[in-house]
Amino acid sequence: MPQHVNFSSKTFSFDNDWTVENISAQNKMAHECLIKVLKEKANGFTSVSKNVIEKSSHHKIHLIIKEGSVHMESTMDTNKIEIEKQAYRIILSDTGISITANASQGLFYGVQTLLQLIKFQKEKV
């Protein structure tokens, strides 16, 4: 159940100016899913993933797992520990997208939400 959602009319175009950063063993599944779908659907997107920035990319997608970073508001589910593992936050800005989660499950769900928000078109995303 979403805790708090704000939408805007901001649009992004996914091309080869984007990089995915903060890759680790913890977020490998979310990273691989994100890259696979963007390569399949986004015209001009190439897989550039880094732990260390090697070139200056204007747009970055940050995948971050940090326990306790996403605080839960009240929920009807009684298993708070499992719900907290699934919690994530997506922040979109002019320079990129940040998906932060308490655990790998939350990061995977955050990537899935981002992919659902993307409107794929033949020429642009």
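Start with Glu82 and Lys85: both sit in helix H2 (residues 80-86), three residues apart, which is about one turn of the helix. The model on screen is predicted. Glu82 and Lys85 form a salt bridge, and their closest N and O atoms are 3.2 Å apart. Glu82 counts as partly exposed because its relative accessibility is 32%. Lys85 is also partly exposed, with a relative accessible area of 30%.

Select Lys36 and Glu40 next. Both belong to helix H1 and are four residues apart, about one turn of the helix. Glu40 pairs with Lys36 in a salt bridge, with 3.5 Å between the closest N and O atoms. Are these two residues buried or exposed? Glu40 has a relative accessible area of 52% and is exposed. Lys36 is exposed as well, also at 52%. The cut-off for exposed is over 50%.

Stay in helix H1 and select Lys28 and Glu32. Their side chains meet in a salt bridge, at 3.8 Å from N to O. Because Lys28 and Glu32 are four residues apart in helix H1, about one helical turn separates them. Lys28 is partly exposed, its relative accessible area being 48%. Glu32 is likewise partly exposed, at 43%.

Now step back along the chain to Ser24. Where does Ser24 lie? Ser24 is in the loop between strand E1 (18-21) and helix H1 (28-41). With a relative accessibility of 31%, Ser24 counts as partly exposed. Ser24 and Ile64 are 40 residues apart in sequence, and their C-alpha atoms are 9.2 Å apart in space.

Which kind of surface patch do Val5, Phe7 and Leu117 make? The patch is nonpolar and covers about 350 Å². Centre the view on Phe7, which is placed in the segment before E1. Phe7 is exposed, with a relative accessible area of 70%.

Terms used: Residues numbered from 1 in each chain as written. Predicted model: local features only at pLDDT ≥ 70, side-chain atom pairs only at ≥ 80, totals over all residues. Heavy atoms only, no water. Helix = DSSP H or I, 4+ residues; strand = E, 2+ residues; numbered from the N terminus. Buried < 20%, exposed > 50% of the residue type's maximum accessible area, 1.4 Å probe, protein only. Patch = residues over 30% accessible without salt bridge, like charges linked within 9 Å, V, L, I, M, F, W, Y side chains within 5 Å. Areas by Shrake-Rupley, 256 points an atom, 1.4 Å probe, with all protein chains shown as cover. Salt bridge = Lys/Arg side-chain N within 4 Å of Asp/Glu carboxyl O.
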